[in-house]
Amino acid sequence: MTCEEAEVLLHALIDGELDAGHAREVEAHIASCAHCAALARDYREISQAMGQADLRYKAPLELRRRIEKALPQPQAAPSRRAVLRGFALGSAVSAMAATGLVAIVLRNDDEQRIRSEVVSAHLRSLQAGHLTDVVSTDQHTVKPWFNGKLDVSPPVIDLTAQGFTLIGGRLDYVDARAIGAVVYKRRQHVINLFVAQTANTERQPAKISTLQGFNIRRWSDRGLNYWAVSDLGADELSEFGEKFETAMRANKEG
Amino acid sequence: MPGRWAAAPGRAGTPHGNAGQETMAAKASQDDPERARRFREAALPYLDDAYTLARYLLRDAADAEDAVQECYLRAYKHFDSYRGPAMKPWLFAILRNVCRAEYARRATAPVTATEELPESAEQTPLWHETPDTPERQMLRRFDGDTVRKLVAALAEPFRETFVLREIQDLSYREIADVAAVPVGTVMSRLARARAMLRSAWLAEQEQAK
């Protein structure tokens, strides 16, 4: 093999596009040619550097909105799948798309379904060994753990000083979609905080409701929907939510 | 909104096909919410990928946004002709045609008229690019901004091929489909692109000393 041939084919070698026979030929040439060996090394290094540098761009939110607006809108009564579509997209989008946003319109009947889903997820989590995927009381361990697993990394805040101990995080499934759950404890009571993104960036004040004996505190802020689920009393769950929201505000401002 | 993109020339055999020849039935299917839902699920996850490609192809944020929007509108219009399985290359082929229309629009500006250069450049022997000795030091690692700048400085069509391979992680076959060229051309363009980038890399390294 000549250098001229090798200088083209070694790229296919680096990219894993050569069949075994040609790969052996190129490798043999590289082994006997310092010039081509140096090139191959450089190209590999450049490829690696490309893989590590952040070379991608994130589509502006406004562009996403413009495209959404130009497409026919979903039917008046969206299925519950439509409500959770954002989660589905997340798994397909690369980790770079951390704040990718999809229009999710929550209607009353969908809210009802989702509440029932998060209570089911809460119940599942209480079975032995199901509570956490990452066990840590350190928010700086739990938060990075979510990176790349979800399209939106849920905020992880240590509320130990406020009486709610962070014990870990978990990927959960609501309507067969991946969703982030941050797990806290107060005494022996588990609180699952489910976090999902929403197109609506308006703040929605908290609503407390009860389902199957569990309390749910639901609120929205800065493009995220929150459902805190626990067997704690409504007053204590409210306290948790308020402390979480206060800490979030402090984080943003601080 | 589309504006100048609307007049983008089509090319036979490419996914964006014949614009503006809608029958009544086709028109009805355009408004089908179920179809829109399927399209959203299939295509919107690649919005960042499409925007990234447009940024590298057009080297301008506002033009990239317009191009991506037009790409999605065309893709939606021709979604019925999408046969899968790989949505990303299909979208990219449409996006690439939209971007080529933008090149044509810009053709009056000499700086960006780089499309002319390549065919002859493609035949330049590669080894002229690398006069330095093999016993050189390791390549230096640059930050993302520097690498972006080096990539953006590559001439077309090498930049396109390079970005599709290194940043979008497409196979040679997929790149060939997107760019509507044979795989052999993809290989020679990629070889040329990497040789040019390596030279630029070494020059940057020299300068940073």
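Author: Rings of Phe, Tyr and Trp pair if their centres lie within 6.5 Å. This is a predicted model. In chain A, one aromatic cluster is formed by A:Phe164, A:Tyr184, A:Trp219, A:Tyr226, A:Phe240 and A:Phe244.

Reader: How many aromatic pairs over all chains?

Author: The search of the whole structure gives 15. One of them is A:Phe164 with A:Phe240, an edge-to-face pair at 5.2 Å centre to centre with 70 degrees between the planes.

Reader: Where in the chain do A:Phe164 and A:Phe240 sit?

Author: A:Phe164 is in the loop between helix H8 (139-146) and strand S2 (165-174) of chain A, and A:Phe240 is in helix H9 (residues 234-253). They are 76 residues apart, so the pair links distant parts of the chain.

Reader: Are A:Phe164 and A:Phe240 buried or exposed?

Author: Both A:Phe164 and A:Phe240 are buried.

Reader: And chain B, what do B:Phe142 and B:Trp201 form?

Author: B:Phe142 and B:Trp201 form a tilted aromatic pair, 5.3 Å centre to centre and with 50 degrees between the planes. The two are 59 residues apart, with B:Trp201 in helix H10 of chain B and B:Phe142 in the loop between helix H6 (118-123) and H7. B:Phe142 and B:Trp201 are both buried.

Reader: Which ring does the charged end of B:Arg35 sit over?

Author: The ring of B:Tyr76, at 4.5 Å from its centre. The charged end of B:Arg192 sits over the ring of B:Phe158, 6.0 Å from its centre.

Reader: Switching to cysteines. How many disulfides over all chains?

Author: The count comes to zero.

Reader: Why is A:Cys33 too far from a cysteine sulfur for a bond?

Author: The closest cysteine sulfur to that of A:Cys33 is in A:Cys3, at 3.7 Å, and a disulfide needs the sulfur atoms within 2.5 Å. The sulfur of A:Cys36 is also too far for a bond, because its closest cysteine sulfur, in A:Cys33, is 3.7 Å away.

Reader: Are those two buried or exposed?

Author: A:Cys33 counts as buried at 11% relative accessibility, and A:Cys36 is buried at 0%.

Reader: What else is buried in H3(A)?

Author: The buried residues of H3(A) include A:Leu39, A:Tyr43, A:Ile46 and A:Met50.

Reader: What covers the buried residues of H3(A)?

Author: The cover includes helix H1 (3-14) and helix H2 (20-32) of chain A. Chain B contributes helix H7 (144-152), helix H8 (158-167) and helix H10 (183-208).

Reader: What span should H3 of chain A have?

Author: Its 19 residues, 34-52, should span 27 Å at 1.5 Å a residue, and the end C-alpha atoms are 27 Å apart, which agrees.

Notes
Residues are numbered from 1 along each chain as its sequence is written. Chains are lettered from A and ligands numbered from 1 in the order in which they are written. This is a predicted model: local features need pLDDT of at least 70, side-chain atom pairs count only at pLDDT 80 or more; totals for chains, interfaces and linings use all residues. Side-chain values use heavy atoms; hydrogens and water are left out. Buried means under 20% relative accessible area, exposed over 50%, partly exposed in between (1.4 Å probe, protein chains only). Helices (H or I, at least four residues) and strands (E, at least two) are DSSP runs, numbered from the N terminus. The expected span of a helix is 1.5 Å times one less than its number of residues. Contact means heavy atoms within 4.5 Å. Rings of Phe, Tyr and Trp (its six-membered ring) pair if their centres lie within 6.5 Å; planes under 30 degrees apart count as stacked, over 60 as edge-to-face and the rest as tilted. A charge sits over a ring if NZ of Lys or CZ of Arg is within 6 Å of the ring centre and within 35 degrees of the ring normal.
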